[in-house]
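Please keep the sequence and the 3D view at hand while reading.

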2 protein chains.
Amino acid sequence: MFPLLTIAEVARRSGVAASALRYYEELGLIRSERAGSGHRRYPRAVLRRIAFIVFAQRIGLSLGEIGTELSRLPPDRAPVRDDWSLLSRAWTARIDERIAELHRLRAGLTECIGCGCLSLERCRLANPMDRAAALGPGPRHWIGDPPQGRRRRGAGPRPG
Amino acid sequence: MFPLLTIAEVARRSGVAASALRYYEELGLIRSERAGSGHRRYPRAVLRRIAFIVFAQRIGLSLGEIGTELSRLPPDRAPVRDDWSLLSRAWTARIDERIAELHRLRAGLTECIGCGCLSLERCRLANPMDRAAALGPGPRHWIGDPPQGRRRRGAGPRPG
DNA sequence: TTACAAGTTGAAGTGAACTTGAAGTCAATG
DNA sequence: CATTGACTTCAAGTTCACTTCAACTTGTAA
C-alpha cells in the first residue's frame, strides 16, 4: 500500500541524479528511511519535495534558501495542499520582480546599448536596488553602488 | 583630450572590482594599454564594453559566451551604435524565452504545486526542451529526460 | 559458491567567477 | 633617503551544486 522507493527510482522519476539526492539529504532538504541493508528508502511524498526544490532552483533560489523555505513546512504532519501553496505564494512576488528586471533589461538593450547612450553611471537597467534578488553570476556590485565614499568591497565570492 | 583611465577609475565608474577587471582581461573580454610603469590604462570605450558584459551576465550569459559575442564586434575599428545593437538584438529572444519560462513557472506555482497535482513526470513547467537556455544552477536533467531507457548521465558539473 | 547489481560512505575533484595574499615595481612626497 | 600609495603578477583560496572515485556491504540469481 505504501511502497517505499529506492534512490534509483526516485532519481528516475524526479530526473534528479542519485548523487544529487544524497547531497540534498546531506543538506537536510530531504530525508530517507533505511532498509535493513542500509539502503535509502523514500516515501512517495519525497517526490513533491524534490519537485519543489527543482522548481525553486529554476526560479533562482539557492539550496540554502530552499532549505529555509522548506523548514517552514509543518514538522508534525505531512504537508497538505495549503502548506505548499503558502510557500509558493511568496515566490510569485520574486518571479514578478525577476520578470520586471528582464523587461527592463530588454528595454535597455534596445534603448540604451542600441542607441549608444549607455552609461554605467546613469543607466540603471539592472535594478541595483534589488541586490538581494540577484540571480546568477555577476559582479558583486553594480551601478548604484557608493557613488564617492569608498565602502568595503565584500570578501568572498558571494555574500551568501 | 583622450584621458586614459586607471584601473581604479574604471572600477569606480563601472562598479566592477579591479580584480574582476584583471580577470576579464585575462579572459580576453577587455584590453588595456600600459603606462610606462606597467600600470593598466583604459580608453573610455572600455566602459561600454564592461557595461555590455555586466548586462549580459544579468541576462544569464556566461563569460565564455560573452567573449564569443564580443568577438563579433569589428576588430578593425571602434564599434559604433549599430555594432552594439546588432549584438544586443539577438538577446531579446533569449530574454523573451526566459520571461516565458518564468511565466510558466509562475502559473505552475499556483496551479501545480498549489493545487497538489504536481507530478514531476507529467507537469512540464520548466520547459525541459529548452535545456540549453538554462540559467542559474539546477540539476543537470529535469523532467522530460529519457522516460525509460537509461542514457548516460553527464560527467562533470555542467555540460557547458 | 560465485557473480553481479545496487547500494553505502567519505574524500576529493569540477567549473564558474571571482577574491585574497604575498612579494615586488614605480613615482611622488616629506 | 625612506615611505606611501597605486599598481603589478602569480598562485592559491572560496562558494555553489554537484559528480566521481575508491573501497566496502547486501541481496538475489545462476
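Of the 160 residues of chain A, 31% count as buried, a residue being buried if 20 or more other C-beta atoms lie within 10 Å of its own, exposed if 12 or fewer, and partly exposed in between, with C-beta atoms placed from the backbone. This is a predicted model, in which local features need pLDDT of at least 70 and side-chain atom pairs count only at pLDDT 80 or more, whereas totals for chains, interfaces and linings use all residues. Residues are numbered from 1 along each chain as its sequence is written, while chains are lettered from A and ligands numbered from 1 in the order in which they are written.

Chain A has a mean pLDDT of 73, and 67% of its residues reach 70 or more; pLDDT is the predictor's confidence in each residue, from 0 to 100. Over residues 125–160 of chain A the pLDDT stays under 50, and for this stretch the model has 50 contacts beyond four places in sequence, two residues being in contact if their C-beta atoms, placed from the backbone, lie within 7 Å. Among contacts in chain A between residues at least 6 apart in sequence, 45% join residues at least 24 apart.

Chain A contains five helices and two strands, and along its sequence they follow the pattern α-α-β-β-α-α-α. Helices (H or I, at least four residues) and strands (E, at least two) are DSSP runs, numbered from the N terminus.

A:Ala20 belongs to helix α2 (residues 18–26) of chain A, and A:Ala20 is buried because 20 other C-beta atoms lie within 10 Å. Between A:Ala20 and A:Ile95 there are 75 residues in sequence and 25 Å in space, C-alpha to C-alpha.

The following table lists two helix pairs, with axes that are lines fitted to C-alpha atoms, for helices over the stretch in contact, and angles that run from 0 to 180 degrees between N-to-C directions.

| Helix pair | Angle | Axes apart |
|---|---|---|
| α1 (residues 7–14) and α3 (residues 45–59) of chain A | about 45° | 10 Å |
| α1 (residues 7–14) and α3 (residues 45–59) of chain B | about 45° | 10 Å |

In chain A, the contact is made by A:Val10, A:Arg13 and A:Ser14 of α1(A) together with A:Val46, A:Leu47 and A:Ile50 of α3(A). In chain B, B:Val10, B:Arg13 and B:Ser14 of α1(B) meet B:Val46, B:Leu47 and B:Ile50 of α3(B).
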